[in-house]
Amino acid sequence: MCVELEKCEICPRKCNVNRLNNEKGFCKLGNEIKIALVSSHDFEEPCISGIGKDTKSSGTIFFSNCNLRCVFCQNHEISQEGKGMVITIERLAEIFLEQQARKVNNINLVTPTMYAYQIIEAIKIARNKGLYIPIIYNSNGYENVNTIKDLNGYIDVYLPDLKYYSDDIAIKYSSAPNY
C-alpha cells in the first residue's frame with residue numbers, strides 16, 4: 001500500500017489526513033483510485049496526439065476529483081463532484097496496457113496529482129508486463145515539489161496547465177495558496 005497516503009502531503013495543501021484509513025482531505029479522496037474516463041484523445045496538444053489523419057491518439061485517463069476547486073472548472077462533475085468509478089492499482093496497470101494495445105502515442109494521465117503514488121505502483125506493474133510508451137503527467141500545476149521528485153523515472157513528460165501567476169488570484173478563484 002502507498003504509505004504516502006498515511007499522512008497526505010501529496011499536494012501543496014498538505015492536509016495530513018490518513019487516506020489509508022479513508023479520511024478525506026480537500027480533494028475528497030480516501031485510499032481509492034477513481035477514474036472518470038479512459039479514451040483515445042485525438043484533440044489533445046498536437047505534439048502528443050499527433051498531427052494529421054494518419055497519426056495516433058493520446059491515451060487519456062481522466063482521474064476523478066481535484067486538489068483545486070476552480071470556480072471556472074469545465075469538468076465540475078468529475079473534478080468537484082467525484083463522478084467516476086473506483087478501480088484498483090492492478091486495474092490501473094491493466095488500463096495502461098490496454099491503452100498501449102490500442103496503439104496510442106502515450107499514456108496521458110489527466111488530473112493525476114492526488115493519485116501520484118498509486119500511479120507509480122501501477123506503472124511498476126505495467127512496465128513489468130511490457131509497458132513501454134511514454135507517460136504524460138497532465139496536471140493543473142498545483143504540485144508539491146517532493147511529489148514531483150518522487151515521480152522521477154516514472155513520468156516522461158510533464159504537461160502542467162498553469163492557472164495562476166498571482167497568489168491572490170489563486171486564492172480567490174481556487175482557494176489555492178502558494179500556487
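Is Cys 11 buried or exposed, going by its relative accessibility?

Author: This is a predicted model, in which local features need pLDDT of at least 70 and side-chain atom pairs count only at pLDDT 80 or more, while totals for chains, interfaces and linings use all residues. Residues are numbered from 1 along each chain as its sequence is written, and side-chain values use heavy atoms, with hydrogens and water left out.

Cys 11 counts as buried, at 11% relative accessibility. Buried means under 20% relative accessible area, exposed over 50%, and partly exposed in between (1.4 Å probe, protein chains only). The structure holds 0 disulfides, a disulfide being a pair of cysteine sulfur atoms within 2.5 Å. For Cys 11, the nearest cysteine sulfur belongs to Cys 15, 5.9 Å away. Cys 70 is in no disulfide either; its nearest cysteine sulfur, that of Cys 66, lies 6.2 Å away. Cys 70 is buried too, at 8% relative accessibility.

Now the sheet. It is open and mixed, with 6 strands in the order E3-E1-E2-E4-E5-E6. Strands (E, at least two residues) and helices (H or I, at least four) are DSSP runs, numbered from the N terminus. Two strands pair if DSSP finds at least two bridges between them. E3 (85-87) and E6 (157-158) are the edge strands, each pairing on one side only. E2 (residues 58-63) runs parallel to E4 (residues 107-110), over 4 bridges. In this pair, Ile 61 stands opposite Leu 109.

Helix H3 spans residues 89-101 and includes Gln 99. Gln 99 is buried, at 0% relative accessibility. Beyond its neighbours within four places in sequence, Gln 99 contacts Val 38, Ser 39, Gly 59, Thr 60, Val 104 and Ile 107. Contact means heavy atoms within 4.5 Å.

A salt bridge is a side-chain nitrogen of Lys or Arg within 4 Å of a carboxyl oxygen of Asp or Glu. The whole structure has 4 of them. Arg 91 bridges Glu 94 at 3.3 Å, N to O. These two are 3 residues apart in H3, so about one helical turn separates them. Arg 91 also bridges Glu 98, at 2.8 Å, N to O.

Another salt bridge joins Asp 161 and Lys 163, with the closest N and O atoms 2.9 Å apart. Asp 161 is partly exposed at 41%, as is Lys 163 at 28%.
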